[in-house]
Amino acid sequence: MKKFKKLLPNGATFFRIIISLIAPILFLTGFTIPAFITYVLAGLSDFLDGYLARKLDAHSEFGRKLDATSDKIFALSIVIPSLIIGNLLMVIPLILETIIASISLIAKRKNINIITKRVGKIKTCFLFTTLILGLITPLIPAFVYLLIPSLVITSKLQCETIKTYYNDYKHNKISNDIPPIEIIKQEVKNDQKQLSSIKQTQKIKNIANEVAHYCLPKVKTKKKSM
């Protein structure tokens with residue numbers, strides 16, 4: 001039973017992959033409402049697999065990679081129909097997301113682990129909202145007033161994610177290139193600098209207290225007469 005529970009998060013992720021492949025077919029063949037229902041189910045399953053993984057303590061490297069892959073498939077299942085029906089604005093998030101995926105892929109090939117930051121998770125939420133709006137706008141033009149601000153925010157978050165991923169990649173690459181003994185030496189130097197800084201700060205405080213003691217007028221408290 002425990003093994004079955006551990007498989008539930010990956011089951012939700014596989015479910016998202018399958019319906020992400022079905023949804024664009026439904027949309028492009030004229031079944032618009034069933035397509036949007038399928039997209040909503042796919043979006044909900046994205047939160048469900050993460051919730052189940054945390055609740056059941058079923059985190060795994062395979063599950064993490066599968067979830068990242070399903071996110072890309074889900075995004076493409078929305079972007080491709082949007083481009084086909086003429087919403088070229090969706091090229092912007094597509095290019096930025098490709099850059100993010102490329103940095104992540106290069107890092108994995110060099111055994112560099114890039115941890116997803118909070119900005120990346122927020123970006124994903126805004127990205128899916130923008131993509132759905134991009135799919136609706138050609139059908140209901142009034143939605144462009146929601147699409148434009150959402151697209152601007154998403155693009156900003158994507159650029160921040162690219163910056164974060166690149167900085168992590170660059171930092172970890174340098175760390176991997178430094179021999180372990182050099183890393184230890186560097187850590188010792190950092191600790192020494194930090195200790196020296198603390199001592200200097202304490203020394204300044206002591207001097208300031210002495211100056212205050214000798215320079216500032218002393219306040220004499222008057223004894224109250226009974």
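Residues are classed by relative accessible area, computed with a 1.4 Å probe on protein chains only: buried means under 20%, exposed over 50%, and partly exposed in between. The structure is a predicted model, in which local features need pLDDT of at least 70, side-chain atom pairs count only at pLDDT 80 or more, and totals for chains, interfaces and linings use all residues. Residues are numbered from 1 along each chain as its sequence is written, and side-chain values use heavy atoms, with hydrogens and water left out.

The protein contains seven helices and zero strands, where helices (H or I, at least four residues) and strands (E, at least two) are DSSP runs numbered from the N terminus. Along the sequence the pattern reads α-α-α-α-α-α-α. Of the 226 residues, 31% are buried. Among contacts (heavy atoms within 4.5 Å) with a separation of 6 or more, 78% are between residues 24 or more positions apart.

In soluble globular proteins, nonpolar side chains tend to be buried together. A nonpolar core is taken here as a set of buried Ala, Val, Leu, Ile, Met, Phe, Trp, Tyr and Cys residues joined through side-chain atoms within 4.5 Å. The largest nonpolar core has 19 residues, of which Phe-36, Tyr-39, Phe-74, Ile-78, Leu-131 and Leu-135 touch the most other members. At least two residues of this core come from each of helix 1 (2–28), helix 2, helix 3 (61–84) and helix 5. Helix 5 gives the most, with six residues. A second, separate core has nine residues, including Leu-96, Ala-107, Ile-114 and Tyr-169.

Ile-78 lies in helix 3 and counts as buried because its relative accessible area is 0%. Leaving out residues up to four places away in sequence, Ile-78 touches Tyr-39, Leu-131, Ile-132 and Leu-135. Ile-78 and Leu-135 are 57 residues apart along the chain, and their C-alpha atoms are separated by 6.9 Å. With the same exclusion, Phe-74 touches Ser-20, Tyr-39, Ala-42, Gly-43 and Phe-128.

Phe-27, in helix 1, has a relative accessible area of 7% and is therefore buried. Beyond its neighbours within four places in sequence, Phe-27 is in contact with Thr-32, Ala-35, Phe-36, Pro-81, Ile-85, Leu-135 and Leu-139.

Grid points are joined across faces, edges and corners, and a volume is the space filled by probe spheres set on the points. The second largest pocket holds about 180 Å³ of space. Its lining consists of Tyr-39, Val-40, Gly-43, Leu-44, Phe-47, Phe-74, Cys-125, Phe-128, Thr-129 and Ile-132. The lining divides into eight nonpolar, two polar and no charged residues; Ala, Val, Leu, Ile, Met, Phe, Trp, Tyr, Cys and Pro count as nonpolar, Asp, Glu, Lys and Arg as charged, and the others, Gly among them, as polar.

Cys-125 has 38% relative accessibility and so counts as partly exposed. Cys-159 is also partly exposed, because its relative accessible area is 41%. Zero disulfides (pairs of cysteine sulfur atoms within 2.5 Å) are found in the whole structure.

Note on methods. On a 1 Å grid over the protein atoms alone, a cavity is a set of points where a 1.4 Å probe fits but cannot get out, and a pocket is an open set with protein on both sides within 12 Å along at least five of seven lines; lining residues have an atom within 4 Å of a point.
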